[in-house]
Amino acid sequence: MAVHTSQSVAKAAGDDVARGRSRGTGNPPPPGRLRRALSTHWYAWTMVAPVVVVIGVIIGYPLVRGIYLSLTDANERNVARSIGVNHMPATYEFVGLDNYADALTGDQFLGTLGWTLVWTVSCVAITFALGMALANILNRRIAGRSAYRMALILPWAIPGFVSVFAWRFLYNEDRGLLNKILSGGGFDGIAWLDDPTWAKVSVIAVNVWLGVPFMMVALLGGLQSIPSEHYEAAEMDGATAWQRFRHITLPGLRPVSTTVILLSTIWTFNMFPVIFLLTRGGPGDATQILVTQAYKFSFEISPRDFAQSSTWGVLILVLLLLFAAVYRRVLRTQGDDW
Amino acid sequence: MRRGITATALVAALALAATACGSDDDSSNSTSKGSGELSGTVTWWDTSTAGSEDKVFKKIAEGFEKEHPKVDVKYVNVPFGDAQNKFKNAAQSGSGAPDVIRSEVAWTPEFADLGYLAPLDGTAALVKQDDFLKQAAASTKYNGKTYAVPQVIDSMGIFYNKKMFKEAGVEVPKSIDELKTVSKKIKEKTGKTGFYLRGDDAYWFLSFLYGEGGDMVNATDKSVTIDDEAGVKAMKVVKDLVDSGAAKTDATDGWENMQSSFKDGDVAMMINGPWAVADTYAGKEFKDKANLGVAPVPAGSAAQGAPQGGHNLAVYAGSKNLDASYAFVDYMTSVKTQAQVTKELNLLPTRTSAYAEEAVVDNEIVGFFKPVVESAVERPWIPETGSLFAPLVTEYTKVLTGQTSPEKAVKTTGDSYRKLLKGWK
């Protein structure tokens with residue numbers, strides 16, 4: 001449950017930024033104006049109220065419930081159930097912060113967190129680099145530019161689970177296309193999903209493939225908003241291509257790239273479908289990230305451990321909040337305003 | 001005017017709230033009681049192998065409508081691997097749960113313990129209870145009540161490709177050592193791998209564990225035994241099979257890979273049970289059914305044994321149509337139905353009297369598996385039995401993929417067993 005919660009919070013927050021709804025409202029009205037805003041826009045507030053209530057119920061309730069469960073020893077066998085003639089009351093108990101102490105002192109959480117960080121950093125870095133390269137290429141006037149753009153956006157247009165399953169077929173050790181190509185070239189097949197190290201490479205590759213279109217489109221939009229006069233002036237001054245890229249393109253893209261890196265980090269950190277559908281966290285626990293492990297506690301092991309799962313969910317939420325706060329602060333000290 | 005707007009806003013808000021909370025109660029499930037005739041819908045979640053067994057079970061299940069024309073049987077095939085979790089989700093939330101579930105033997109005490117199953121003693125579901133094989137009936141009882149009716153019983157054997165064996169000039173291996181030499185010979189003569197070891201499901205590890213004289217737990221003296229010396233040895237045995245090239249394995253898609261490699265003649269042997277027979281016969285290597293040989297699993301250094309498994313039919317406690325569900329369970333486990341299932345799918349009946357039926361007597365697969373089942377290793381039917389595989393499979397796969405040592409693997413598994421079984425040694 002908490003898994004869901006943290007995701008929806010992250011997504012909701014992400015959506016806000018992505019759609020740029022808050023753009024232009026950089027300076028929130030001072031509190032004194034609230035009253036006036038209320039009296040002039042009361043009709044708007046009324047119309048918004050149902051949405052606020054629904055969001056409160058959809059996000060607020062599960063969040064509070066998740067936090068509560070993380071402070072108990074609730075599992076499948078001691079929660080209240082009422083099925084037909086069988087009625088069982090809840091018998092779980094409040095255990096305080098025990099779950100958090102267990103999670104933070106045990107190897108499992110920290111080990112999983114380690115791989116989750118490697119996964120997030122490498123996915124975001126590779127996706128960003130590739131997206132940047134492709135965006136720069138497609139920003140030039142080349143023949144068939146729109147066709148290329150369409151083709152590169154394609155991974156985005158296919159539902160995630162479909163492409164993940166397609167990759168799973170490609171990766172199949174005996175019958176997959178990748179190994180057939182390798183053996184055709186005289187190489188030994190690779191145990192893409194069965195070898196712990198290769199499995200890690202494989203899941204990162206799929207996530208990069210899925211994430212590049214978003215990066216590319218966002219950065220392409222950013223590139224097109226950089227005035228061409230800057231480049232012309234730089235060329236007049238004799239700047240090399242690298243200098244132009246380093247001193248015009250990169251700073252010009254800054255508002256876009258900071259946002260997409262933040263979003264991409266949050267999404268990748270919680271990228272459930274790629275890991276779950278590709279390897280289910282395996283082989284063993286090699287590719288298990290925090291969210292898939294939290295899901296495993298809550299839905300795959302028996303008796304289902306709701307308390308531990310909620311604990312992990314809350315910890316994920318806290319980690320992401322911390323990351324967002326630090327990231328924002330770093331940007332602000334560098335003079336960015338958002 | 002102002003008031004008008006307020007009213008409109010209120011109404012709009014209310015309307016929104018009302019639609020958001022729209023209920024999707026399905027009242028078409030109710031039964032008309034009293035008339036004595038069964039009616040309504042019975043939804044059955046079957047977990048048999050899709051593509052081969054499911055067609056037969058669907059046909060048989062829908063045959064129930066002929067006996068009870070007012071009952072509508074809804075057949076749903078749920079992949080075996082997902083069924084336990086899917087049923088738990090549905091049963092706990094109370095929405096979307098089936099009336100009847102094909103519950104694997106180890107799941108049954110767990111579902112019963114969680115309160116998801118209806119007790120069947122004294123209902124129409126349990127007819128001639130003494131007729132059921134004792135081994136099959138054992139898993140249906142929990143805390144003195146009966147919660148399910150045995151549908152099929154099974155164990156495991158070694159499936160081999162007779163043609164490939166002849167080509168390589170080898171005999172069926174009776175021990176792990178023989179398995180390795182046979183595998184090596186097959187590799188030399190045919191270039192194919194000898195044995196497929198399923199690496200993503202710990203059920204396939206059990207016969208190796210039993211072969212070394214080990215077991216997961218000992219319920220009589222309440223102790224965890226997976227981390228005994230035998231457990232370590234068994235892990236070493238499977239690792240050696242893979243490392244020496246005698247066997248190949250996969251950490252994902254094990255079932256599909258195993259079946260397709262065996263069916264296409266890419267491997268000569270696999271360990272499997274009666275549930276795989278129908279699917280195997282559909283493969284190109286086994287168009288001539290006589291090419292499939294079945295033999296007891298190879299013995300380890302201490303013993304020889306395979307797990308006893310099977311499936312029960314259980315009724316969901318929250319079913320809105322209990323009476324028809326009881327009758328459906330009885331129909332599905334009757335001698336007549338069991339004989340038909342054996343005839344078409346080579347599965348083993350659970351009723352003693354069914355073994356006298358002609359279709360069963362003549363069946364070769366049943367003839368082979370009957371004695372195997374009788375000597376198979378029975379697991380303790382406690383609610384936790386179904387929970388023992390999750391920790392084991394993670395470590396088993398880790399051993400096979402070289403991520404941990406056999407010693408560490410069984411120790412980690414043992415630790416999680418002790419956490420699960422409070423107070424056990």
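How many residues of domain 1 of chain B are in contact with residues of domain 2 of chain B? The model examined here is predicted, so local features are described only at pLDDT of at least 70 and side-chain atom pairs only at pLDDT 80 or more, while totals for chains, interfaces and linings use all residues. Residues are numbered from 1 along each chain as its sequence is written, and chains are lettered from A and ligands numbered from 1 in the order in which they are written.

To take the opening question up directly, 14 residues of domain 1 of chain B are in contact with eleven residues of domain 2 of chain B, contact meaning that the C-beta atoms of two residues, placed from the backbone, lie within 7 Å. Helix 16 of chain B (residues 364-374) provides the largest share of the domain 1 side, four residues. Helices (H or I, at least four residues) and strands (E, at least two) are DSSP runs, numbered from the N terminus. By class, this side of domain 1 holds seven nonpolar, five polar and two charged residues; here Ala, Val, Leu, Ile, Met, Phe, Trp, Tyr, Cys and Pro count as nonpolar, Asp, Glu, Lys and Arg as charged, and the others, Gly among them, as polar. Domain 1 of chain B spans 38-154 + 309-374, and domain 2 spans 157-306 + 388-420, with bounds that come from an automatic or database domain assignment. The C-alpha centres of the two domains are 28 Å apart.

Within chain B, strand 6 (residues 149-154) deserves a look. Six of its six residues are buried, so strand 6 is largely enclosed by the rest of the structure. A residue is called buried if 20 or more other C-beta atoms lie within 10 Å of its own, exposed if 12 or fewer, and partly exposed in between, with C-beta atoms placed from the backbone. Strand 6 pairs with strand 14 of chain B (residues 309-315) in the antiparallel sense, over five bridges; pairing requires that DSSP finds at least two bridges between two strands. Along this pair, Val152(B) has His311(B) of strand 14 as its bridge partner.

The largest nonpolar core contains 124 residues, and those with the most contacts inside it are Leu117(B), Phe195(B), Val315(B) and Phe328(B). Such a core is a set of buried Ala, Val, Leu, Ile, Met, Phe, Trp, Tyr and Cys residues joined through C-beta atoms within 7 Å. Helix 13 of chain B (residues 322-332) gives the largest share of this core, eight residues, and domain 1 and domain 2 of chain B each contribute at least three. Leaving aside residues up to four places away in sequence, Leu117(B) touches several residues, including Phe111(B), Tyr147(B), Val315(B) and Tyr316(B). Another core, apart from this one, has 48 residues, among them Trp167(A), Tyr171(A), Leu193(A) and Val203(A).

Chain A has 14 helices and two strands. Of its 338 residues, 32% are buried. Among contacts in chain A with a separation of 6 or more, 69% join residues 24 or more positions apart. An unreviewed UniProt entry annotates residues 113-327 of chain A as "domain: ABC transmembrane type-1"; UniProt positions are given in the numbering used here, feature names are shortened, and annotations may be inferred rather than shown by experiment. This span is 78% helix and 0% strand, with its end C-alpha atoms 19 Å apart. The unreviewed entry also carries the annotation "transmembrane region" for several stretches of chain A, including 150-170 and 201-223. Residues 150-170 are 90% helix, with end C-alpha atoms 23 Å apart, and residues 201-223 are 100% helix, with end C-alpha atoms 30 Å apart.

Helix 10 of chain A (residues 228-236) has zero of its nine residues buried, so it lies largely in the open. Just after helix 10, Gly238(A) takes a positive phi of about 85 degrees. Arg280(A), in the loop between helix 12 (272-278) and helix 13 of chain A, has a positive phi near 55 degrees and is partly exposed, with 18 other C-beta atoms within 10 Å.

Finally, the two chains meet: 33 residues of chain A are in contact with 33 residues of chain B. On the chain A side, helix 3 (42-69), strand 1 (81-83), strand 2 (86-88) and helix 13 (290-300) each supply at least two residues. Helix 3 gives the most, six residues. This side of chain A comprises 15 nonpolar, eight polar and ten charged residues.
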